[in-house]
Amino acid sequence: MNKATIVAIPLLLVLLASYASNLWAADDVKQKPSTRHPASQHITVVAHRGASGYAPEHTLSAYKKALEMKADYIELDLHMTKDGELVAIHDATLARTTNVEQVYPNRAPWRVRDFTLAEIKRLDAGTWFNKMFPQYANKQYRKEKIPTLQEVIDWLAQCRSKTALYIETKDPNIYLGMEEKLVGILKKNRYLQKSKVIFQSFSEASLRKLQKIVPHDIPLIQLYSPAMLKGQNLDDVLDRATEYAEGVAPDQSLVTLEFVQKAHKRHLVVYPYTVNTKEEMLKQLSLGVDGMFTDYPDQLVELNKKKFTAKSLVPIF
C-alpha cells in the first residue's frame with residue numbers, strides 16, 4: 001500500500017461519517033412531530049350562525065345554505081325567552097337582527113329575556129340582512145323568523161341531514177336552568193350524542209355544569225376572547241381548560257404556533273373564530289388548527305378538497 005492510499009483512507013472515513021451524520025439528522029427532523037396537518041387531514045368546518053355571510057344569521061335559510069355547502073357543523077347561539085324557550089340568536093337583544101323597534105317601540109332595550117316566544121315570533125328576522133347585504137338579498141328572507149332549538153332539530157330531521165350542531169350557551173349566568181333545559185330537549189330528541197352535538201361557551205361555569213350532566217364523550221369547548229387572555233399565562237389558561245374541556249376556540253387574533261402547539265400538547269383541539277377570507281384560512285391552516293368558524297363555509301370546504309404541503313401550504317392538484 002503506497003503513501004497516498006494510506007492518507008486517503010482516513011479522509012474517506014471522515015467523509016462517510018459526516019454523510020451518515022447528516023442523514024441521521026435529516027431523519028430526526030422528519031420524525032419530529034408537527035402541529036401542522038398532513039395533506040390528507042380534514043379541517044372541521046363550522047358554519048358560524050349558519051352560512052351567515054350569504055343569508056340572515058340564525059335563520060333556517062342560513063342553516064339551509066350551510067347544509068348545501070357541506071359544513072360539518074351548524075353553530076347555534078342560544079338565549080332563553082321570558083317563558084323559558086330556547087331560541088337561536090346571537091345578541092342578548094333583538095334590535096340588530098329584527099324589526100323589534102318598530103313592532104314594540106316602547107320596550108327598549110328589547111332584551112330576548114323580556115319577550116315571550118309568541119311575541120318574538122311576530123318579528124321579521126331577515127329584512128335587515130337584505131338592506132345590509134344587497135348583493136345577497138332575497139325577498140324570501142322577509143319571512144324569516146327566529147327559530148327555537150326544537151324547530152331547528154325538527155327541520156334537520158326533515159332534511160335527513162347528518163350535519164351536527166355546535167351549540168353555545170349565551171349568558172348562562174342570567175338564564176338560570178339553561179343547561180338543564182338544553183340537555184332535556186336534546187335528550188328527548190335523541191340528540192345527546194357525540195355524532196350530533198358539541199357544546200361551547202365563554203362561561204367556564206356553564207361548561208363545568210354541562211360536564212356533570214352530559215355523556216363524557218360529548219366534547220366541551222372553551223371560547224376565549226382577547227380580553228379574557230390579556231395578562232394571563234397561556235400555560236395556566238390551557239392547564240385549567242383541560243380540567244373540563246376537550247378543546248378551545250380562541251379569537252383568531254390569539255392563534256399563534258405556540259398557542260396551537262401548547263394546546264395540542266394537552267390534547268386540546270383548536271377551533272378559531274371567525275375566519276372569513278381565504279388568506280385568513282390559509283394562515284390558520286399553516287398554524288395547525290383543527291377547525292374553524294366561518295360565515296363562508298363554502299370557502300373552507302373548497303380548501304378542504306385541496307391538499308397542501310405542510311410547510312408551504314402550496315396546493316397539490
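User: Which residues line the second largest cavity?

Analyst: The general idea first: rolling a probe the size of a water molecule over the atoms shows where empty space is left. Here the lining of the second largest cavity consists of Glu57, His58, Ala88, Ile89, His90, Thr97, Thr98, Ala125 and Ile146. A cavity is a set of points on a 1 Å grid over the protein atoms alone where a 1.4 Å probe fits but cannot get out, and lining residues have an atom within 4 Å of a point. The model is predicted, so local features need pLDDT of at least 70 and side-chain atom pairs count only at pLDDT 80 or more, while totals for chains, interfaces and linings use all residues. Residues are numbered from 1 along each chain as its sequence is written, and side-chain values use heavy atoms, with hydrogens and water left out.

User: Now backbone geometry. Which peptide bond at proline 109 is cis?

Analyst: Most residues other than glycine have a negative phi, and most peptide bonds are trans. In this model a cis bond links alanine 108 to proline 109, with omega about 10 degrees. Proline 109 sits in the loop between α3 (100-103) and α4 (117-120). Helices are DSSP runs of H or I with at least four residues, strands are runs of E with at least two, and both are numbered from the N terminus. A cis bond also runs from tyrosine 273 to threonine 274, where omega is near -25 degrees. Threonine 274 falls in the loop between β8 (269-270) and α12 (278-287).

User: Is phi of lysine 70 positive or negative?

Analyst: Positive: lysine 70, a residue other than glycine, has phi near 70 degrees. Look for lysine 70 in the loop between α2 (60-68) and β2 (73-80).

User: How do I read helix packing? What is the arrangement of α6 and α7?

Analyst: Two packed helices are described by the angle between their axes and the distance between the axes. The axes of α6 (residues 149-159) and α7 (residues 178-188) come within 11 Å and cross at roughly 25 degrees. Axes are lines fitted to C-alpha atoms, for helices over the stretch in contact, and angles run from 0 to 180 degrees between N-to-C directions. So α6 and α7 are roughly parallel. Angles under 35 degrees count as roughly parallel, over 145 as roughly antiparallel, 65 to 115 as roughly perpendicular and the rest as oblique. In α6, Leu149, Gln150 and Ile153 meet Leu182, Ile185, Leu186 and Lys188 of α7; contact means heavy atoms within 4.5 Å. The classes of this α6–α7 contact are five nonpolar, one polar and one charged.

User: At what angle do α12 and α13 pack?

Analyst: α12 and α13 (residues 297-305) pack at about 50 degrees, with axes 10 Å apart. They are therefore oblique to each other. Lys278, Met281, Leu282 and Leu285 of α12 make the contact with Gln299, Leu300 and Leu303 of α13.

Technical notes: Nonpolar A, V, L, I, M, F, W, Y, C, P; charged D, E, K, R; others polar. 1 Å grid on protein atoms, 1.4 Å probe; cavity = no way out; pocket = protein on both sides within 12 Å on 5 of 7 lines; lining within 4 Å.
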